[in-house]
Amino acid sequence: MNNMCLNEVFACLLLSILYVGSLYIWNAAQGRDHPSTIKKRCISVFFMTIVSPFFIIWFGNGESEGQGNLWLRMGLRVEGIIPALILPMILTFILFLGPLVQSHLSVPVTFTLKMYLDPLYWYNTAQNPIWWRNQVVAPFSEEFTFRACMLPILLQCFPSGKAIFIAPLFFGVAHLHHAVDRFRVGIELPAVILISCFQFLYTSVFGFYSSFLFIRTGHFLPLFAVHAFCNHMGLPELKDMLNKPAPLRNKLMVCHVVGLVAWYFLLYPLTDPSYYGNTLYSL
């Protein structure tokens with residue numbers, strides 16, 4: 001790794017530290033889910049969305065500046081926005097085919113659709129600060145800082161194939177700060193370590209996927225939409241699936257496998273850069 005790459009890695013490391021550190025400038029004695037803590041941390045990440053783009057400028061080089069203006073490099077553009085909002089979501093729905101089928105076993109699809117179309121449901125949801133954090137603020141700020149701002153920095157030095165595996169490591173490590181909250185609620189050290197390692201693993205895996213989408217589409221908004229959807233779905237309920245009666249369990253396993261295989265084969269076709277007018281990045 002040459003000196004320039006060290007500068008890029010340092011920039012991303014510093015940005016990660018600032019992002020996580022901004023969450024802890026407040027007194028969070030009430031816990032991370034307390035409305036007061038959520039509001040304060042939302043202010044912190046809002047500040048980071050203002051600061052993060054300056055890292056691209058401060059750690060930029062002449063070659064990268066010639067590739068496009070700051071907004072284009074962060075994926076903030078209009079060209080190709082419609083397919084960018086549709087195709088990556090379809091791809092992600094396919095990936096979650098098994099969990100989607102499983103989640104609707106006890107709740108009919110028609111009931112779910114009726115619930116989502118009910119204005120009262122959204123009114124009540126909008127009163128919940130945890131929903132705002134998990135579905136709006138966290139996905140937006142994390143994708144903006146860890147993808148839209150970090151990847152343009154890393155791509156100045158690393159090829160795309162390496163950058164999509166390096167950037168998520170900062171994202172995964174940044175989530176280890178939740179160990180502090182677990183200690184505060186009295187979870188024992190071995191459990192904290194196990195949970196934190198697992199969280200690092202799955203946040204890094206998601207980061208690989210999100211980074212891939214950014215480089216292939218050249219857009220920021222689909223990352224935000226996919227992240228919000230994944231937060232909504234959560235991790236697959238594999239234990240619940242395995243506890244189902246054999247015929248139903250087998251069908252759910254088939255849905256999980258079909259979704260994963262279909263996602264794999266559609267990953268490149270549905271993210272063809274030509275659909276999105278992406279001429280800046282390639283993979």
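Two notes on conventions. Residues are numbered from 1 along each chain as its sequence is written, and side-chain values use heavy atoms, with hydrogens and water left out. Because the model is predicted, local features need pLDDT of at least 70 and side-chain atom pairs count only at pLDDT 80 or more, while totals for chains, interfaces and linings use all residues.

I start with helix α12. Helices here are DSSP runs of H or I with at least four residues, strands are runs of E with at least two, and both are numbered from the N terminus. Two packed helices are described by the angle between their axes and the distance between the axes. The axes are lines fitted to C-alpha atoms, for helices over the stretch in contact, and the angles run from 0 to 180 degrees between N-to-C directions.

The partner I take to begin with is α9. Helix α9 covers residues 129-154 and helix α12 covers residues 189-217; they pack at an angle of about 55°, with axes 11 Å apart. That makes α9 oblique to α12. For the classes, angles under 35 degrees are roughly parallel, over 145 roughly antiparallel, 65 to 115 roughly perpendicular, and the rest oblique. On the α9 side the contact is made by E143, R147, A148, L151 and P152, and on the α12 side by F206, G207, S210, S211 and F214. Contact means heavy atoms within 4.5 Å. Those residues divide into 5 nonpolar, 3 polar and 2 charged. In this scheme Ala, Val, Leu, Ile, Met, Phe, Trp, Tyr, Cys and Pro are nonpolar, Asp, Glu, Lys and Arg are charged, and the others, Gly among them, are polar.

Next, α10. The axes of α10 and α12 come within 8 Å and cross at roughly 140°. The two are therefore oblique to each other, and their crossing is right-handed. From α10 the contact uses S160, I164, F165, A167, P168, L169, F171, G172 and V173; from α12 it uses F200, T203, S204, F206, G207, F208, S211, F212 and I215. By class that is 12 nonpolar, 6 polar and no charged residues.

Then α13. Helix α13, residues 221-233, packs with α12 at about 155°, the axes being 10 Å apart. That makes α12 roughly antiparallel to α13. Here too α12 passes in a right-handed crossing. F206, Y209, S210, L213, F214 and T217 of α12 meet P222, L223, V226, H227 and C230 of α13.

F206 is on the α12 side of the contact with α9, with α10 and with α13.

Now the cysteines. A disulfide is a covalent bond between the sulfur atoms of two cysteines. The test applied is a pair of cysteine sulfur atoms within 2.5 Å, and the count comes to 1 disulfide. Which cysteines form the disulfide? They are C5 and C157, with sulfur atoms 1.7 Å apart. The torsion about their S-S bond is about -60°, so the disulfide is left-handed. C5 lies in helix α1 and C157 in the loop between α9 and α10 (160-174), so the bond ties together parts 152 residues apart in sequence. C5 is buried at 6% relative accessible area; the classes are buried under 20%, exposed over 50% and partly exposed in between, with a 1.4 Å probe and protein chains only.

What about C12? Its closest cysteine sulfur is in C149, 9.9 Å away, too far for a bond. C12 is buried, at 0% relative accessibility.

S16 is in helix α1, residues 3-23, and at 6% relative accessibility is buried. Leaving aside neighbours within four places in sequence, S16 is in contact with F146, M150 and F170.

S44 is in helix α2, residues 35-58, and is buried at 4%. Not counting residues up to four places away, S44 touches S22, L23, I25 and W26. Its C-alpha is 8.0 Å from that of Y19, 25 residues apart along the chain.

P35, also found in α2, is partly exposed at 36%. P35 and P129 are 94 residues apart in sequence, with C-alpha atoms 6.1 Å apart.

Conventions
A crossing is left-handed if the near helix is turned anticlockwise from the far one by less than a right angle, and right-handed if clockwise.
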